[in-house]
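Hi,

Have a look at it first, then read on.

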Amino acid sequence: MSTTFDRKIDATLSDPRLQNAIYKATGRLMSHRKIAVDSDVLPEFEELRTQANAVKRHTIENLDWYLEQFERNVLAHGGHVHWARTGTDVADVILGLAKSRNASLIVKSKSMTTEEIDLNERLEHHGLESVETDLGEYIIQLKHERPYHIVAPALHLTRYDVANVFEKKLGVENETEIENQTMIARRVLRDKFLRADIGISGANFLIADSGAVALVENEGNARLTTSAPKVHIAVAGIEKLIPRAQDLATFLKLLGRSGTGQPLTVYTSFLSGPRREDEVDGPEEFHVILLDSGRTKLLADPDKRQSLYCIRCGACLNHCPVYRKIGGHSFPWVYSGPIGAIITPQFHGVESEPGLPFASSLCGACAEVCPVKIDIPKILLELRADVKASEKRHAVNEAERAVFRTFAYVASRPKLWQRATKLAARLGPRGQGYLKKVPGFMNVGPVRAWLSQRDLPAPAEKSFREMWKERGR
Amino acid sequence: MTAREAILRDVRRNLGRAEGATPPPPPEPRIRIPEVSREDRIARMLERVSALAGKTLHARSAGDAVEYVAARTAGQTAVASNAPFLRQIGVTELPGVQSGFTDERNLREACASAEIGITSADYALADTGTLVMMASPAEARLVSLLPPVHMAIVPAERILTGLDELFSLHPLPASETSSMVLITGPSRTADIEQILVRGVHGPGEIHVVVVD
Ligand code: SF4
C-alpha cells in the first residue's frame, strides 16, 4: 500500500471528531436512502436498477453513435459542441470563449468532472475569476481543498472551520451560526451570479435524442449558473450519455433516492440550447465540451468498462466500511470510496497507486446499493490481478523491488517529491520534454526499466503546487 | 486529426465498432402511468409539497387563489410572470405586483429586488410534489429563481401523476423549450454539518396554489 494513502489514513483514524463526522453524515445518508427505496414506497426499485443498467450498457457499447446523435441535436437547437482530449483542451476552449467575449468572471456549479481536471486552477492561472457556487464547493474552494465526498464536498468541516475561512477570505465577522453562514454565502454569491459573464456547469446526463444536458441539485446555484450569465458552458465526460429524454423517468427516480434519499432533488434542469425567440431571459450561447481524458481507454476492457455507467450518486461511499473509516482525503484522486478505487487505477494506471484496489474488504455493500448495478467487487479483483501482473513485469528481483518502493515512497510524499523533481528540473530537460535522465538517487534498476517502457513527464518550470501557492498570496 | 476524430476513433476501436454502424435497438424506455383520480392527484400533490415544508392551498375558485396571493403580497414587492392564466384570474392586477416584462434588463432588476415571484406552471407532478416549468416568453426563468419567495398557481387539470406521465406527454421536451426545470420544494442545503438550511440560492419559501 502506498505511503500517502497510509499517512492520510492514520491522520483520519486518530481524529475522533472527523471519525464522528464521517460516520454521522454517511449514516444519515444511508438511512435516508433506505427509507426512499423501501419496497413499500418504491416497489419497482429493483426493476429500475435493472433498466438503468441495461440502458447504460447499451449506451456505452454504442457510445460513438450516441455521441454523434447528441452533437447533431445540440447543433440543431443552436448550441455548440467542443471535443476535448484532455483537461488542457477543456481549459483552452473556455479561455478562447472567454477571451473573444471579453469575459472575466465565471460562476461554476458543482461538477466532479471539472474537479478531476483542476479547471478552476487552470482558468485562474490565466487571470479569470472562477467561483464555485454550491455552498460546500465554495467553502472548499476558499480553503483550497478537494471535495471530501462526491455529493457532500465539505463533509469533513465544522461550522468553526467555515467561520474562520469566511472571516479570513471574505472579511466578515467570525460567524458561527450555520444559518447566518449560509446567508453570507448567498449574499456574496448572488452578486457574482448577477455580474458573471459565463456560467460553467457539469452534466448529470447528456441526452442524445434531445441534445440536452440534465442537471440535478438542491440549492438553485446550478439554475442560476445556467440562467443568469450570457454564456452557458457544460463540461461533461463522454460517458454521461443516455439515449432518450424518456430514460430520465428511470434515472431521475434512482439518482436522488440513492444519493440523499430524495425522490427528486429540489431542482432538475433539462437544458437544450440557448434561449429561443422572444424569451426574455436565459443564456444567449450554449456550449457543451465533451471530455475524454482517459475515458476512451476504459472502454477497451469489455468487463471493466461498466465503471463508466456510474451516475455519481455517492451511495457506494456511504455504504463502504472502508470509506467510513478513512474518509475521502485518504484516497489519491478526487473520486473516493469504491468508485474511486476502481476508476483511479484505470485512469492513471495500476502502477500509480498499487495499494488502492486492495483497500477494500470486498464486503459487496457497494454493489448491493449501486443504482446502475456496477459490479465493483469484481472489478477490484481484476485490478488486483493487474497490480500483481504489473509488479512482475516491472520489478525484476526482490532487491530492485525494494528500490522501486523507495521511489514510490518519494513520489508519494509531496515535500520530498517537490525537492526531487526540482532537482530533476535542474538536471534534466525543461518544459515540454520528457525525462530520460533522472537524478542519481532515482536512477536505479526498476526506475530505469520503467522509463524504458514509458517516459516520465518532465517537471514543468513551476510545479502546479508552486503556482497554487503563489496564487494564494 | 481533430480531437473529435481522435475521440470517436478511439471509442470505435476500443468497442470494436465500425463507423456509422447502427446500434441494436436500445431497451424500451420504462414508462408506467398509474390510474389516479383527479381528487387523489390534487391531494397527493398538496401532501407532498407540505412534506417538503412548502405552503399549499386547494383553491375552490380563482377568486380564492387571488385572495391568498393578495394576503401574502400585501405591503411587499412582487413580480408575476407573463403566464396568460395569471392575467386571466387577475393576479397581475394586485397592488405591488409588477408584470409584463419583455426587456431582460428590466426583468432582472425587478426579480433581483422583489420579495416574491409569482408564476403558473406547465404541469405539476403529484408523486413528488413537483412543479414543471418550461421556459417561454410567458414563463421567464428568473421569476421562480431570484426572489426569496416563490408562489405558483396551477390549474388542477395540469397535475400529472409523475415523471412517467410527463415524459410520455413530452417525449422530446427539447422540441418545445430550451429549458425545462422541475422544482420540488424550497431551495435547500445541508453542506455545513448536515444542518438543513432553506433558501440558500433559490427561494426558501414556496407556495403551491392548486385552482379547481
Ligand atoms: S458506482 Fe454506483 S453507487 Fe457508486 S457513485 Fe457510481 S452510481 Fe453511485
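**Salt bridges in the model**

In chain A, A:Glu239 and A:Lys240 make a salt bridge, with their closest N and O atoms 3.8 Å apart (the term means a side-chain nitrogen of Lys or Arg within 4 Å of a carboxyl oxygen of Asp or Glu). A:Glu239 is buried, at 3% relative accessibility, and A:Lys240 is buried too, at 6%. Buried here is under 20% relative accessible area, exposed is over 50%, and partly exposed is in between, with a 1.4 Å probe and protein chains only.

Before you go further: this is a predicted model, where local features need pLDDT of at least 70 and side-chain atom pairs count only at pLDDT 80 or more, while totals for chains, interfaces and linings use all residues. Residues are numbered from 1 along each chain as its sequence is written, chains are lettered from A and ligands numbered from 1 in the order in which they are written, and side-chain values use heavy atoms, leaving out hydrogens and water.

Next, A:Lys378 and A:Asp303 meet in a salt bridge at 3.0 Å, N to O. A:Lys378 sits in helix α18 (residues 376-394) and A:Asp303 in the loop between α13 (295-298) and α14 (315-318), so this pair ties together parts of chain A that are 75 residues apart in sequence. (Helices are DSSP runs of H or I, at least four residues, and strands are runs of E, at least two, numbered from the N terminus.) Both A:Lys378, at 36%, and A:Asp303, at 23%, are partly exposed.

Between the chains, A:Arg85 pairs with B:Asp10 (2.8 Å, N to O). A:Arg85 is partly exposed at 22%, whereas B:Asp10 is buried at 10%.

Over all chains there are 36 salt bridges.

Cheers
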